[in-house]
Amino acid sequence: MECGLTRGSLPQEEVQQLEAELARAKREAADLRRTLRSSAGTRGAVPDFIIIGAQRCGTTYLYDLLRRHPYFKPAERKELHFFDRDANYAKGLSWYMSQFPQPDIRNGQKEITGEATPYYLCHGLAPQRAARMVPGAKLVVMLRNPIDRAYSGHMHHSRRGEESLSFDDAIAAERQGEPNPLDTGQAVADDARGRRVRRHHFHLARGIYVHQLREWQKYFSSDQILVIRSEDFFANPGVVARDVQRFVGLPDHDLDTASVRNRNLGTYKEAMAPATRKRLEAYFAPYNKELFHHLGRDLCW
């Protein structure tokens with residue numbers, strides 16, 4: 001098997017379960033169509049695609065590149081956090097639609113819109129919510145070596161003052177049985193200043209991609225999901241961005257990759273200890289093996 005990008009796939013034994021989930025999604029889609037008809041006067045649009053994750057895997061870099069496409073109309077913000085934050089989800093479909101510009105058709109080509117909230121991938125409620133509200137959306141999933149993703153995520157939160165533990169202490173605390181928020185996304189509280197604070201960032205759990213992908217594949221068909229190996233994107237952003245353009249329905253366009261900074265390739269004041277990397281290689285090995293089998297290709301991690 002070769003490293004690269006692929007469409008999501010399911011083992012044969014999960015087909016029956018998927019069919020049942022898709023039948024339910026169709027029923028929910030009928031409900032959605034009725035909602036859309038009642039919201040006919042609402043400003044905005046439903047997204048053509050969503051970049052659902054993962055965090056620190058190049059989602060901002062890709063979205064910034066797509067902004068350079070003449071037929072892409074971005075959302076009000078890159079990250080709308082509609083499906084992962086209860087307060088936003090409670091605002092309903094009309095609010096979500098209002099965050100996207102109404103597409104035009106120019107020279108026979110429809111303009112495309114979408115958003116990128118990387119927490120969707122690992123949020124337990126997001127797949128079902130998205131299937132209910134935007135069942136026809138294309139999903140882009142970016143996956144990076146989970147060890148590098150974990151370290152990048154820790155450094156990111158540390159720079160923002162959201163992480164006080166060292167990397168080794170943070171992953172040790174996670175492995176000691178801290179409650180995992182990825183099922184419901186509820187391990188979030190407000191501090192005295194009204195900021196959203198995640199009590200623990202769960203660097204390891206976010207990198208167990210196979211479980212997260214399977215959850216999304218209960219509600220979205222394989223041809224709606226594009227899985228990208230982040231390392232391929234970092235090495236050849238123009239090539240991978242063109243594949244994304246075709247997947248989401250944009251015409252081929254040469255994007256100016258030199259004008260967009262990849263924020264995931266920064267330098268760290270302190271490198272990860274070799275012993276820590278070795279422990280994490282052993283930790284992620286069975287999950288990565290399961291992921292590679294699930295996708296039908298080796299991501300070379």
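**Figure 1. Helix H7 and its packing partners.** The buried residues of helix H7 pack against helix H6 (146–159) and helix H11 (274–295). Packing here is contact, meaning heavy atoms within 4.5 Å. Helix H7 spans residues 167–175, and its buried residues are Phe167, Ala170, Ile171, Ala173 and Glu174. They cover an arc of only 155° around the axis, so they sit on the same side of H7. The arc is taken from the directions that run from the helix axis to the C-beta atoms. Buried means under 20% relative accessible area, exposed over 50%, and partly exposed in between, with a 1.4 Å probe and protein chains only. Helices (H or I, at least four residues) and strands (E, at least two) are DSSP runs, numbered from the N terminus.

This is a predicted model: local features need pLDDT of at least 70, side-chain atom pairs count only at pLDDT 80 or more, and totals for chains, interfaces and linings use all residues. Residues are numbered from 1 along each chain as its sequence is written, and side-chain values use heavy atoms, with hydrogens and water left out.

**Figure 2. Helix H8 against helix H11.** Helix H8 covers residues 209–217 and packs with H11 at an angle of about 35°, the axes lying 8 Å apart. Axes are lines fitted to C-alpha atoms, for helices over the stretch in contact, and angles run from 0 to 180 degrees between N-to-C directions. On the H8 side, the residues are Tyr209, Val210, His211, Leu213, Arg214 and Gln217; they meet Tyr287, Glu290, Leu291, His294 and Leu295 in H11. By class, this contact of H8 with H11 holds six nonpolar, three polar and two charged residues. Ala, Val, Leu, Ile, Met, Phe, Trp, Tyr, Cys and Pro count as nonpolar, Asp, Glu, Lys and Arg as charged, and the others, Gly among them, as polar.

**Figure 3. The buried face of H8.** Tyr209, Val210, Gln212, Leu213, Trp216 and Gln217 are buried in H8. Down the axis of H8, these residues fall within an arc of 160°, so they line one face of the helix. An α-helix has 3.6 residues a turn, so residues three or four places apart point the same way.

**Figure 4. Asn288 in helix H11.** Asn288 lies in helix H11. At 8% relative accessibility, Asn288 is buried. Leaving out residues up to four places away in sequence, Asn288 touches Pro146 and Trp301.

**Figure 5. Gln224 in its loop.** Gln224 sits in the loop between H8 and strand S9 (225–229). This residue is buried, at 12% relative accessibility. Not counting residues up to four places away in sequence, Gln224 touches Pro135, Gly136, Ala137, Lys138, Leu139 and Phe247. Gln224 and Phe49 are 175 residues apart in sequence, yet 9.1 Å apart in space, C-alpha to C-alpha.

**Figure 6. Glu14 and Gln217.** Glu14 lies in the loop between strand S1 (6–7) and helix H1 (15–38). With 19% relative accessibility, Glu14 counts as buried. Along the chain, Glu14 and Gln217 are 203 residues apart; their C-alpha atoms are separated by 9.9 Å.

**Figure 7. Two buried cysteines.** Cys57 is buried at 0% relative accessibility. Cys122 is buried at 6%. A search of the whole structure finds zero disulfides, a disulfide being a pair of cysteine sulfur atoms within 2.5 Å.
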